[in-house]
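Biologist: I am new to this structure and would like to learn how to read it. Could you walk me through a few features?

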Amino acid sequence: MGRGKIVIRRIDNSTSRQVTFSKRRNGLLKKAKELAILCDAEVGLMVFSSTGRLYDFASTSMKSVIERYNKTREEHHLVMNASSEAKFWQREAASLRQQLHNLQESHRQLLGEELSGLSVKDLQNLENQLEMSLRGIRMKKDQLLIDEIQDLNRKGILIHEENMELYKKVNLIRQENMELQKKVYATRGVNGIDKGPITPYGFNATEDVNIPIHLELSQPQLQTDGAQAAAPKPGRLQLHRQDDAQIMGCSL
């Protein structure tokens, strides 16, 4: 009876796997040596075990075999480089032309052109694609509008705060002015005369300028007993409020 056919797969048993490795490694090295001797060939063989141990064979030297291999590979690559590169770029150009044609056709279909060759399913897919695109555009537009509105609201809040600060400053200045006016009017009321520059007539004013006033003129008194007339007393020009609460005057 002949030996059964062995299934080529990893041996699970480690002992059997190591025994098989040793046998087949020795056979492989023996075949490489025979090939080099019988055929006058330059042979280089390297085998690494599962544990990382190196087993090698070279008909001359492993270094010369590797150098010859690298040199031959580079020469072959240079010879084939020109023709293979030209073929590669020709394939790339053809692929790009086809992609461009497909994109142009899809663009025309999105614009509603060249729809005669499409089936109902193709038209439905095109409609779904347009609806998805339109939905995305609307969402982007809404987001931009929301961002602009939020930015305007922030600016409006800042402007409102600045206006409130200015309003407080104006009120503070108005209060200070009113305090100064009260002090000035109080001083004038105590002294009875205007502390401003010297003028022929002096007038005192009050805060409420809308209340009507009455003017009365007092003439100087003259002596009637025949004696020499004394210096006349200065007359008084009196200003009366309508409620007669305060009389403000000036000397003539």
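This is a predicted model: local features need pLDDT of at least 70, side-chain atom pairs count only at pLDDT 80 or more; totals for chains, interfaces and linings use all residues.

Biologist: How far apart are the end C-alpha atoms of H1, and what span should its residues give?

Modeller: The helix has 26 residues, and at 1.5 Å a residue they should span 38 Å; the end C-alpha atoms are 37 Å apart, which agrees. At the start of H1, a side-chain oxygen of Asn13 comes to within 3.0 Å of the backbone nitrogen of Thr15.

Biologist: Which residues of H1 are buried?

Modeller: Start with the general idea: an α-helix has 3.6 residues a turn, so residues three or four places apart point the same way. Here the buried ones are Arg25, Leu29, Ala32 and Ala36. The buried residues of H1 pack against strands S1 (44-48) and S2 (54-58).

Biologist: Which residues make up the largest nonpolar core?

Modeller: In soluble globular proteins, nonpolar side chains tend to be buried together. In this model the largest such core has eight residues: Leu29, Ala32, Ala36, Val43, Leu45, Val47, Tyr55 and Phe57.

Biologist: What does the side chain of Arg25 make a polar contact with?

Modeller: Its partner is the side chain of Tyr55, at 3.2 Å. Arg25 is buried yet has no salt bridge, and the nearest side chain of opposite charge, Asp56, is 10 Å away.

Methods:
Residues are numbered from 1 along each chain as its sequence is written. Side-chain values use heavy atoms; hydrogens and water are left out. Buried means under 20% relative accessible area, exposed over 50%, partly exposed in between (1.4 Å probe, protein chains only). Lys and Arg count as positive and Asp and Glu as negative; His and the chain ends are not counted. A salt bridge is a side-chain nitrogen of Lys or Arg within 4 Å of a carboxyl oxygen of Asp or Glu. A polar contact is a pair of N or O atoms within 3.5 Å; within protein, one must be able to donate a hydrogen and the other to accept it, and residues adjacent in sequence count only if both atoms are side-chain atoms. Helices (H or I, at least four residues) and strands (E, at least two) are DSSP runs, numbered from the N terminus. The expected span of a helix is 1.5 Å times one less than its number of residues. Contact means heavy atoms within 4.5 Å. A nonpolar core is a set of buried Ala, Val, Leu, Ile, Met, Phe, Trp, Tyr and Cys residues joined through side-chain atoms within 4.5 Å.
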